[in-house]
Amino acid sequence: TYGLTVIPLFILMGQICFYSGVNKRLYKAAYAWLGHRKGGLSIATILACAGFSAISGSNTATAATMSTVALPEMRKYNYDPILSTSAVAIGSTLGVVIPPSVVLIIIGLQNPNPDPLSIGDLFWGAVGPGLLLTILFILTVAVLCRKNPHWGPAGPKATWNEKMSSLLGSMETIILFAVVMAGFVIGLYSPSEVGAAGSLIALALYLGRMAMERLIWKTATITWKNLLKALSDTVRVSCMILMIVTGAVIFGRFLAITRLPFAAADWVSALPIPDPVILILICLIYVVGGMVMDALALLLITIPIFFPLADAMGYDPIWFGVLVTVVTTMGAVTPPVGVNTFIVASMAPEASMPKIFKGVSLFLIAYVLCVTLMMCFPDIVLLLPNMLR
């Protein structure tokens with residue numbers, strides 16, 4: 001499928017940004033504004049994760065990059081490992097929810113319903129839940145630090161000049177996100193072309209910062225060698241994702257031939273139980289499935305089964321696609337296969353896996369509340385797509 005070319009391009013965009021130090025500058029900006037508050041470093045970590053998610057499209061990439069930046073700082077100011085590690089792990093799940101998201105792209109391309117799903121609509125639909133989750137995570141940190149003040153001691157307060165200068169470090173993220181999302185609205189490029197536009201701008205920003213380092217700052221932290229590393233990582237991650245897609249497509253073709261998904265949809269829709277109960281059962285299946293297998297693989301296998309069912313019950317496919325993305329993302333931090341928690345644990349020797357899972361469990365209430373609000377108020381997802389169509 002030609003549309004799948006957008007996946008390696010979005011991954012390339014994220015890798016170029018990582019090797020140019022965007023994640024460090026995002027964290028520095030959030031740290032300057034919030035680090036002096038109790039739990040401020042954890043809140044800064046979550047905000048930096050949200051910012052990096054807007055240009056990476058992957059929760060594992062966000063977990064790995066933010067762990068290297070945020071954990072040493074929180075360790076320096078004696079943050080409790082339960083709070084510091086869980087903030088990175090839970091914040092990095094935003095990488096799948098906040099657009100551009102590789103998972104949302106796959107859902108749009110593999111949707112089995114007769115009417116194709118617009119990737120642009122999926123992206124805009126995920127903005128509301130992404131912001132809502134970010135706010136709920138921040139509120140969770142505030143509540144935890146109110147009950148346990150020693151978990152997140154306040155850091156030094158930055159000067160006004162330091163705060164304003166730190167904002168310059170977030171400009172690259174703002175530019176990239178604005179270009180990627182604005183292109184859908186004005187029709188400057190198609191969803192298949194947006195990854196190329198984002199990668200081109202990321203490369204231009206990388207080369208521009210490299211030139212400024214050499215000409216103005218007389219440093220050389222951004223190099224051609226790092227650009228080659230970005231290309232190498234892009235190839236490796238893209239191959240992994242496309243192999244998962246290949247297996248899922250074969251499975252989906254088998255299901256299509258057997259007509260099992262459509263038979264299941266007809267059977268379930270005829271059951272004498274309300275549609276909301278069926279929807280809750282579907283969400284529970286995604287939660288349990290996300291605990292034992294990769295979220296992308298789970299979605300690809302279940303898309304041919306549950307999307308026709310949701311369509312038969314009359315649910316908006318954009319809303320349903322974003323909903324299952326949010327629900328499945330919980331699996332990235334829940335045992336036994338919480339991949340984000342294992343990534344964070346590998347970089348936090350002071351925290352055991354039980355401690356990290358304990359901390360993450362305190363944030364899952366935010367996920368449950370977000371999903372509940374999405375079900376009660378569908379406009380959280382649908383407002384922006386409907387406005388921008």
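These are my notebook entries on a predicted model of one protein chain.

**Ground rules.** I number residues from 1 along each chain as its sequence is written, and I leave out hydrogens and water, using heavy atoms for side-chain values. Because the model is predicted, local features need pLDDT of at least 70 and side-chain atom pairs count only at pLDDT 80 or more, while totals for chains, interfaces and linings use all residues.

Along the principal axes, the C-alpha atoms fill a box of roughly 65 × 45 × 35 Å.

**Surface and contacts.** I noted that 54% of the 389 residues are buried. Buried means under 20% relative accessible area, exposed means over 50%, and partly exposed lies in between (1.4 Å probe, protein chains only). The chain exposes about 16700 Å², of which carbon and sulfur atoms supply 72%. That area comes from the Shrake-Rupley method with a 1.4 Å probe.

For contacts (heavy atoms within 4.5 Å), I took those between residues at least 6 apart in sequence, and 79% of them join residues at least 24 apart.

**Charges.** The mean positions of the 22 positive and 16 negative charges are 16 Å apart. Lys and Arg count as positive, Asp and Glu as negative, and His and the chain ends are not counted. Each charge is placed at NZ of Lys, CZ of Arg, CG of Asp or CD of Glu.

**Aromatic rings.** I found 9 aromatic pairs in the structure. Rings of Phe, Tyr and Trp (its six-membered ring) pair if their centres lie within 6.5 Å; planes under 30 degrees apart are stacked, over 60 edge-to-face, and the rest tilted. Trp33 and Trp160 make an edge-to-face pair, with 5.6 Å between centres and 75 degrees between planes. Trp33 sits in helix α2 (residues 22-34) and Trp160 in helix α9 (residues 160-167), so this pair links parts of the chain 127 residues apart. Trp33 is partly exposed at 29% relative accessibility, and Trp160 is exposed at 56%. I also noted a cluster of Phe137, Phe363 and Tyr367, linked by ring pairs.

**Asn78.** I looked at the loop between α4 (59-76) and α5 (81-92), where Asn78 is found. Its phi is near 60 degrees, a positive value in a residue other than glycine. Asn78 counts as exposed because its relative accessibility is 60%.

**Helix α12.** I checked two residues here. Ser238 lies in this helix (residues 224-258) and is buried at 6% relative accessibility. Beyond its neighbours within four places in sequence, Ser238 is in contact with Pro8 and Ile11. Thr246 is also in helix α12, but it is partly exposed, at 41%. Its C-alpha atom is 40 Å from that of Leu139, 107 residues apart along the chain.

**Gly359.** Last, I looked up Gly359 in helix α18 (residues 353-376). Its relative accessibility is 1%, so Gly359 counts as buried. Not counting residues up to four places away in sequence, Gly359 touches Ile82 and Ser86. Gly359 and Ser86 are 273 residues apart in sequence, yet 5.1 Å apart from C-alpha to C-alpha.

Technical notes: Helices (H or I, at least four residues) and strands (E, at least two) are DSSP runs, numbered from the N terminus.
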